[in-house]
Amino acid sequence: MATAPTRVPVKKTYKLYIGGAFPRSEGGHYLVVKDHKGAFVANVCRATRKDFRGAMVAARKAQAPWAARSAFNRGQILYRMAEMLEGRAAVFERLLAELHGYSASEAQAEVGAAVDRLVYYAGWCDKVTQVFGNTNPVASQHFNFSFIEPTGVVAAVAPKTAPLLGLVSVMAPLISIGNAAIVMVTPDNAVVAIELAEALATSDLPGGVVNLLTALWEDVGSYVSGHMDLDAFFGVGLSSEEQKAIQVSAAESVKRTKFVDDASPAEWRQESRQSPYWILPFTETKTAWHPMGS
Amino acid sequence: MSAQPELRVEREGQPKKAVDLLFGDLWGYAPAPESTGPVRFEKRYGHFIDGEFVAGDKWFASVNPATEEPLVEVAEADEAMVDRAVQSSRKAYDKYWKKMKGSERAKYIFRIARMIQERARELAILESMDGGKPIKESRDIDVPLAAAHFFYYAGWADKLEYAFPGGKPQPIGVAGQIIPWNFPLLMAAWKLAPALAAGNCCVLKPAETTPLTAMKLAEILQEADLPPGVVNIVNGFGRTGAAIVNHADVDKIAFTGSTDVGKIIQRALAGTKKRLTLELGGKGANIIFEDAPIDQAVEGIIDGIFFNQGHVCCAGSRLLVEESVAETVIRKLGHRIQTLRVGDPLDKNTDVGAINSKPQLEKIQELVDSGVDQGAQKHQSRCDLPAKGYFFRPTFFTDVSPSHRIAQEEIFGPVLSVMTFRTPEEAIERANNTPYGLSAGIWSDKGSKLFKIAGAMQAGVIWGNTFNKFDPTSPFGGYKESGFGREGGRHGLLPYLEIG
């Protein structure tokens, strides 16, 4: 270095986000994050199977109380997440530009779309059960109705592109109906992801509803989809071999799986990448009967 | 019988005792069998391919479980036959079905519904002969519901865009459908009706022990002039099912059957783009609170476990009774099982018919033996069983611990495991303590309690103060290892559509 800076900046240690806290990986190993030009950015945690297990415990603990909150309240919290993100827009825009090579306008577009996507799903929280539930006109003297409930704990693999918007697009539909999520993030996107976790941690979202692990798929993949307490799996941008391996191990406890192809950041901004039909695969329909009459 | 009936009448002044309506041998029982006279069927059935019945080269017998006599011979489809069926469905899909207006498709499906109604009695008799279920159930439940399913879904065929808001519904293509032996015709209706309404063509495989009504349904499809290949039906065992599952040109698999086989299918489809729905096993909890209408609850318990000999994936096979009323409920249950009439499935008074097959009877016996061995207390009807045929006495166990096999495993027979609880929270925990999640029953006169428990059950169908009710408009299907996807109602269309 030719000249010493007038002030030495404080560098942040990026940790995992589990149960509302920011622990280091139990394994003690790290992954190097480089920017789009290949320059060193940070060392981040290399999450292990045991970290996933810890996230699973945290998510399971958080799920039922999250689902038990009123849909109105969940909607408010997702909206609050949007507010927190909007407030940090400049930070994310800078990270997308510096680390991921976005132009200023692209960065602005992605952050704006991520905020809007949270608002979109905030609105779904108290409508999705109405749109996909109904009373059923059975032919006997019974009152009969069907409604959807969250499946439970869902593990997800966030897209490799669109570090912020992709992650939000995967996480928001899952939690809107009351699932808890464990999202695996590729190390290249770790800085943006953990920055987002820090926004979530201050947004009234109960700890454990969203858990973020910076992990290599080869370290944790087979263990994740085979975990017997996991209810469902949502993978974005996985190869057909990876999908097959996940589905094989998912069958052990009849897990629900959904896969979506990755897309360019511009495609992630499109409205076709948000839908109540991204919520529905992670719900269960419950039908209840009761006699009518004296 | 010449002996005069002797009525036991309570006398005034004597201590009040519950009257047992157990007539034993006091009266001779006069059977009321449904006549099989008007019913006609072939000695042998092959498969139904491209609108025609085709012969096979390998045959096996389907046995009447009430007589142990072979009823009909059926061909076993090999991979080549399955391929023929799939190609026929593909051709029909491209040529007719996907191009046909929904309103025209609907009329074929309505027609099928009407023809099932016309031939209802014949179908009911055959169902009871082939599968062993009491005629009063096949006549009053299976067949009318099968017709109703076609009638209900027919009306959806031209209204699909109203089913899923914001979606652009399109059919998937060729659906492979594998159904079980417990409700043969009804399961065929559950599978075919929504698939056809959504615009798909189907390859259906009935269970090997109950092919007869599917072959009769094929006759109906023929008479209804359904375009050839829209529905193909192949007979056979698990191997035939596997050939459907693994066929490259099948776009969707719908399976109803055991959780073990469901997992095999889920694994087999891994890495393919085929869609899948599974309707698998269950170990349903039937929860009786002390404030329940006890006599109604006892009837619900009986219906929950002895309906269709307990060959019901959503059977209420685990009874959870609040401790304060357990003694009363168990006493009433003990009396009630003695009045169940077990025997000839074709007798109109029969409550419990024949166990579907010898292997199933052996499995039930094995699990009942395990219950005795593990220390549970067995209570069984003292009824006489017919000299021939596969029959099992209505049975329940008390002193069951949650770890017993009879409390964990699906017995799929007329065997109930009774356990007790003290608080609603304990009832919830016990009810959910199973990998299954298909059904649950809740008996209480207190609405708020009922809603609380219904919300906490991890099960797809909840019956409050009733049990084992079914309707084409009502979605059915499981949580957890009881499978995924729904059959019935608007939700039952979703597995057969691309929403876009």
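Colleague: How many salt bridges does the rule find across the interface of chain A and chain B?

Modeller: In this predicted model, the rule finds two salt bridges across that interface.

Colleague: Why is the pairing of Glu252(A) with Arg267(B) called a salt bridge?

Modeller: The closest N and O atoms of Glu252(A) and Arg267(B) are 2.9 Å apart, and the rule asks for a side-chain nitrogen of Lys or Arg within 4 Å of a carboxyl oxygen of Asp or Glu, so the pair qualifies as a salt bridge.

Colleague: What makes β10(A) and β18(B) a strand pair?

Modeller: Strands pair if at least two bridges are found between them, and three bridges join β10(A) to β18 of chain B, residues 461–464, so the two count as paired. They run parallel, and Thr287(A) stands opposite Val461(B).

Colleague: Which element gives the largest share of the side of chain A that touches chain B?

Modeller: That share, eight residues, comes from β10(A), while β4 (142–150), α9 (240–250) and β10 (283–291) of chain A each supply at least two residues of this side. By class, the residues there divide into 16 nonpolar, twelve polar and seven charged.

Colleague: How much area is buried between chain A and chain B, and which three residues of chain A supply 22% of what chain A buries?

Modeller: The buried area is about 3000 Å², with carbon and sulfur atoms giving 53% of it; Val254(A), Tyr277(A) and Trp289(A) supply the 22%, more than any other three residues. The contact takes 35 residues from chain A and 43 residues from chain B.

Conventions: Residues numbered from 1 in each chain as written. Chains lettered and ligands numbered in written order. Predicted model: local features only at pLDDT ≥ 70, side-chain atom pairs only at ≥ 80, totals over all residues. Heavy atoms only, no water. Contact = heavy atoms within 4.5 Å. Buried area = accessible area lost by both parts, 1.4 Å probe. Helix = DSSP H or I, 4+ residues; strand = E, 2+ residues; numbered from the N terminus. Nonpolar A, V, L, I, M, F, W, Y, C, P; charged D, E, K, R; others polar.
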